[in-house]
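Subject: Handover of a structure and notes on it

Dear colleague,

Please find below the structure that I am handing over to you. I would be grateful if you could look through it before reading my notes.

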Amino acid sequence: MTTPREVLSHLQHIEEVDAVQGATYREEAQDMLADDQVSLKWRKAIADRLNQANHDLALHTATSEDSY
């Protein structure tokens with residue numbers, strides 16, 4: 001089982017991996033957020049970093065031809 005520390009570390013390096021590995025890291029984070037055995041402190045840190053990673057992904061993948 002992946003620890004909260006490992007999940008957070010993966011998210012901190014998500015820009016350094018390919019899209020498939022990045023998706024795996026995001027799924028890992030979602031699973032950790034859904035686990036009520038994980039402390040609120042860890043879930044908040046993971047949620048904050050996941051939100052930032054998702055925001056960064058949207059900025060890098062959107063082009064001027066995309067509509068919202």
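The notes below describe what was found.

This is a predicted model, in which local features need pLDDT of at least 70 and side-chain atom pairs count only at pLDDT 80 or more, while totals for chains, interfaces and linings use all residues. Residues are numbered from 1 along each chain as its sequence is written, and side-chain values use heavy atoms, with hydrogens and water left out.

Confidence and overall layout

The score pLDDT is the predictor's confidence in each residue, on a scale from 0 to 100. Its mean over the protein chain is 90, and 88% of the residues reach 70 or more. The protein chain holds three helices and zero strands, and its pattern along the sequence is α-α-α. Helices and strands are taken here as DSSP runs, numbered from the N terminus, with at least four residues (H or I) for a helix and at least two (E) for a strand. Confidence is highest in H1, at a mean of 97, and lowest in H3, at 92.

The accessible surface of the protein chain is about 5100 Å², and carbon and sulfur atoms account for 52% of that surface. Such areas come from the Shrake-Rupley method with a 1.4 Å probe, and for residues only the protein chains shown count as cover. A residue is called buried under 20% relative accessible area, exposed over 50%, and partly exposed in between (1.4 Å probe, protein chains only). By that rule, 25% of the 68 residues of the protein chain are buried. A contact means heavy atoms within 4.5 Å. Of the contacts between residues at least 6 apart in sequence, 54% join residues at least 24 apart.

The nonpolar core

In soluble globular proteins, nonpolar side chains tend to be buried together. A nonpolar core is defined as a set of buried Ala, Val, Leu, Ile, Met, Phe, Trp, Tyr and Cys residues joined through side-chain atoms within 4.5 Å. The largest one in this model has eleven residues, namely Val7, Leu8, Leu11, Ile14, Tyr25, Ala29, Met32, Val38, Ile46, Leu50 and Ala53. At least two residues of this core come from each of helix H1 (4-12), helix H2 (19-34) and helix H3 (40-61). One of the core residues, Leu50, touches Leu11, Arg26, Ala29, Gln30 and Leu33 when residues up to four places away in sequence are not counted.

Salt bridges and charged residues

How many salt bridges does a search of the whole structure find? There are two, a salt bridge being a side-chain nitrogen of Lys or Arg within 4 Å of a carboxyl oxygen of Asp or Glu.

One of them joins the side chains of Arg49 and Glu15, at 3.2 Å from N to O. Arg49 is in helix H3 and Glu15 is in the loop between H1 and H2, so this pair ties together parts that are 34 residues apart in sequence. Arg49 is buried at 16% relative accessibility, whereas Glu15 is partly exposed at 47%. Neighbours within four places in sequence aside, Arg49 is in contact with Leu8, Leu11, Gln12, Ile14 and Glu15.

Asp48 forms a salt bridge with Lys44, and their closest N and O atoms are 3.0 Å apart. Both of these residues lie in helix H3, four residues apart, which is about one turn of the helix. Asp48 is partly exposed, at 43% relative accessibility.

Glu28, in helix H2, is buried yet has no salt bridge.

Trp42 and its surroundings

Trp42 lies in helix H3 and is partly exposed, with a relative accessible area of 24%. Not counting residues up to four places away in sequence, Trp42 touches Pro4, Arg5 and Leu8. The C-alpha atoms of Trp42 and Met32 are separated by 8.9 Å, with the two residues ten apart along the chain. Thr3, in the segment before H1, is 39 residues from Trp42 in sequence and 9.9 Å from Trp42 in space, C-alpha to C-alpha.

Yours sincerely

Key
Lys and Arg count as positive and Asp and Glu as negative; His and the chain ends are not counted.
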